[in-house]
Amino acid sequence: MLQQILAQVGTTTQEGEPLAVMGESGEALATGDGDAGAPARTPEPAAAPAAAPAKRPRVAATPVARRVAKELGVDLAAVQPARSIIAEEDVRRHHGAAAPAAAPAAASPAPADDVEVIPLVGARKVLADRMAESFRTIPHYSMTLEVDCAKLVELRDQVARWTGERRTRGTKRRVLGMLRYYAGQATALHGETIENSLPGDIFSYTLKEPVGVVGAIIPWNGPLGASVWKIGPALATGCTVILKPAEEAPLTSLRLAELVMEAGVPAGVVNVVPGYGETAGAALASHPDVDKVAFTGSHVTGQSIIRASAGNLKRVSLELGGKSPDIVFADADIDQAVPGAAMAVFANSGQICSAGTRMFVEQNIYDEFVGRVAEYGKKLQVGNGIDPNTQIGPLVSEQQLDRVTSYLDVGAKEGAQALAGGARLTDGALAKGYFVPPTVFANVRDDMRIAQEEIFGPVISAIPFTDTDELIRRANATTFGLGSGVWTRDVSKAHRLAKAIRAGSVWVNCYQAMDPAVPFGGYKMSGYGRESGKQHLEEYLNVKAVWIKTA
């Protein structure tokens, strides 16, 4: 297993450049020479590729892989590309060679034909074999994950050593809470006995049945939580699942799938196929044997998935991007609201879809409040995620760095004033990484691009307001509707805003509060369907009506 993980650390793109190796908090470890905990830098040319199937990405040992291998006494020359986690019999048939059922895809993201041939055969076969007994096996499938909670906790700390993620108790609590919640829901699924109006003795009731094979596609900014958010409800409802993790962050999903199989879930129920969106992801979205697609990512990709799903009218649920308003009234508890509004954006280096990036502040406290948020941001320690003192880690990749810094330039050109941050960090060791400091733009207008477009970085656009009615209109004047925040001591005002804001979540005097029992999802271009809560399970179920004439 260790050799396979090390090989994944050395994964390269098809162009031969090392991928950023991701941690749970969306932070990338260095790919350059220097200390093992050094921040990421611009990728260097890859080493000579190892043998791989035609048209597959090349494999090369990055400096990170070489350092970890040397420390642990592993011969990287002996590390071979492995495959996706799929049903054992299908690996052997497709590749013509024996491979264990839990062999992870260490270096070769799967092309479309792997997605079509291997896991779909296994997932469909398992689904057909077990459909009749699904209600007897659902509790077993899901509750075995609870047995492995300790291993999942260990997983985060193990992977953190070379992924650069910041270790956080909150994420561990949330992931384990989700596992326990879905395990409990597995035995809480039920239909209804319904009185009908037909004459005679006719009995009517409903059954809840698995929707079928689920194709799940997740992003890189929280792979453990995102994996459980997709696999958990699939197991609880008796579905089979094919998970495609982001190409930047496949390790956690692969290890999770191994733990699922070690816990006793049969081969073919949970499948993980790393790959690129345009190949593996597109194949899942369009394949006629996939009954549902659950996707988390950008709204542009979400639109493509909807179009691709039309072939067999798949069930689709989408959790997409956002440009969420975070509203601060003059009567708010300012000492509470300053760190709350700041970390609504700066957490995870701003790489959170529901971040409260449009910070509306009542005019009579605007200067004081925005200034305090800027000072708060300046005091946050930016550094490598493996350092326990780090509060803000790097962005995921050079591409994301270019995106965020381009918006910093746009904001300045449009006339916004950077009270904190505003440019990439270039001092000392940080110069080699993808580091952007917490940034607070003041004097932002609603029509500025930084106030309308999702940046996905640690950037706040501070916007003043005076009238509450006008504020509501402006807060809703976005194509997105994922999250929102309200800071006030006035309960009536809080209830009014909670009803008026068109978003899937409204946090009052807090932000990003999450619980497995409470649904999460978006309005408008932020997608449809819900994750967490009873509503989440319904996304994976069909309802069947049964009529019985008894006399």
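Colleague: Is serine 532 buried or exposed in this structure?

Modeller: Serine 532 has a relative accessibility of 3%, and because buried means under 20%, serine 532 counts as buried. Keep in mind that this is a predicted model. Serine 532 lies in the loop that runs between strand S14 (507-508) and helix H18 (533-538).

Colleague: What is the phi of serine 532?

Modeller: Start with the general idea: most residues other than glycine have a negative phi. Serine 532 is not a glycine, yet its phi is positive, about 75 degrees. Asparagine 348 is another case: a residue other than glycine with a positive phi, near 55 degrees.

Colleague: Where is asparagine 348, and is it buried or exposed?

Modeller: Asparagine 348 sits in the loop between H12 and strand S9 (358-362). Its relative accessibility is 11%, which means that asparagine 348 counts as buried.

Colleague: How do I read the packing of two helices, and what is the case for H12 and H13?

Modeller: Two packed helices are described by the angle between their axes and the distance between the axes. Helix H12 covers residues 334-346 and helix H13 covers residues 366-379; the angle is about 55 degrees and the axes are 9 Å apart. H12 and H13 are therefore oblique to each other. The crossing in which H12 passes H13 is right-handed.

Colleague: Which residues of H12 and H13 meet?

Modeller: On the H12 side they are Ile334, Asp335, Ala337, Val338, Pro339, Ala341, Ala342, Met343 and Phe346, and on the H13 side Phe369, Arg372, Val373, Tyr376 and Gly377. Sorted by type, the residues of this contact of H12 with H13 are 11 nonpolar, 1 polar and 2 charged.

Colleague: What are the angle and the axis distance for H8 and H9?

Modeller: Helix H8 (residues 223-237) packs with helix H9 (residues 251-262) at an angle of about 45 degrees, and their axes are 8 Å apart. H8 and H9 are therefore oblique to each other, and H8 passes H9 in a right-handed crossing. H8 gives Pro223, Leu224, Ser227, Val228 and Ile231 to the contact, and H9 gives Thr252, Ser253 and Leu256. The residues in the contact of H8 with H9 divide into 5 nonpolar, 3 polar and no charged.

Colleague: How many residues of H9 are buried?

Modeller: In H9, 11 of the 12 residues are buried, so the helix is largely enclosed by the rest of the structure. Among the buried residues are Leu251, Leu254, Arg255, Glu258 and Met261. As for length, H9 reaches 17 Å from its first C-alpha to its last, close to the 16 Å expected at 1.5 Å a residue.

Colleague: What span should H14 have, and which of its residues are buried?

Modeller: Helix H14 (residues 398-413) has 16 residues, which should span 22 Å at 1.5 Å a residue; the end C-alpha atoms are 22 Å apart, which agrees. On which residues point together, an α-helix has 3.6 residues a turn, so residues three or four places apart point the same way. The buried residues of H14 are Gln400, Leu401, Val404, Thr405, Tyr407, Leu408, Val410 and Gly411. Their cover includes strand S11 (439-442), helix H15 (449-452) and strand S12 (459-465).

Colleague: Which residues is valine 214 in contact with, leaving aside its neighbours within four places in sequence?

Modeller: Valine 214 is in strand S3 (residues 213-217) and is buried, with a relative accessible area of 0%. With those neighbours left aside, valine 214 is in contact with Cys239, Thr240, Val241, Ile242, Val290, Lys292 and Tyr540. Valine 214 and threonine 240 are 26 residues apart along the chain, and their C-alpha atoms are separated by 6.1 Å.

Colleague: How many helices and strands does the chain have, and what share of its residues count as buried?

Modeller: The chain has 18 helices and 15 strands. It has 551 residues, of which 56% count as buried. Of the contacts between residues at least 6 apart in sequence, 74% join residues at least 24 apart.

Conventions:
Residues are numbered from 1 along each chain as its sequence is written. This is a predicted model: local features need pLDDT of at least 70, side-chain atom pairs count only at pLDDT 80 or more; totals for chains, interfaces and linings use all residues. Side-chain values use heavy atoms; hydrogens and water are left out. Axes are lines fitted to C-alpha atoms, for helices over the stretch in contact, and angles run from 0 to 180 degrees between N-to-C directions. Helices (H or I, at least four residues) and strands (E, at least two) are DSSP runs, numbered from the N terminus. Angles under 35 degrees count as roughly parallel, over 145 as roughly antiparallel, 65 to 115 as roughly perpendicular and the rest as oblique. A crossing is left-handed if the near helix is turned anticlockwise from the far one by less than a right angle, and right-handed if clockwise. Contact means heavy atoms within 4.5 Å. Ala, Val, Leu, Ile, Met, Phe, Trp, Tyr, Cys and Pro count as nonpolar, Asp, Glu, Lys and Arg as charged, and the others, Gly among them, as polar. The expected span of a helix is 1.5 Å times one less than its number of residues. Buried means under 20% relative accessible area, exposed over 50%, partly exposed in between (1.4 Å probe, protein chains only).
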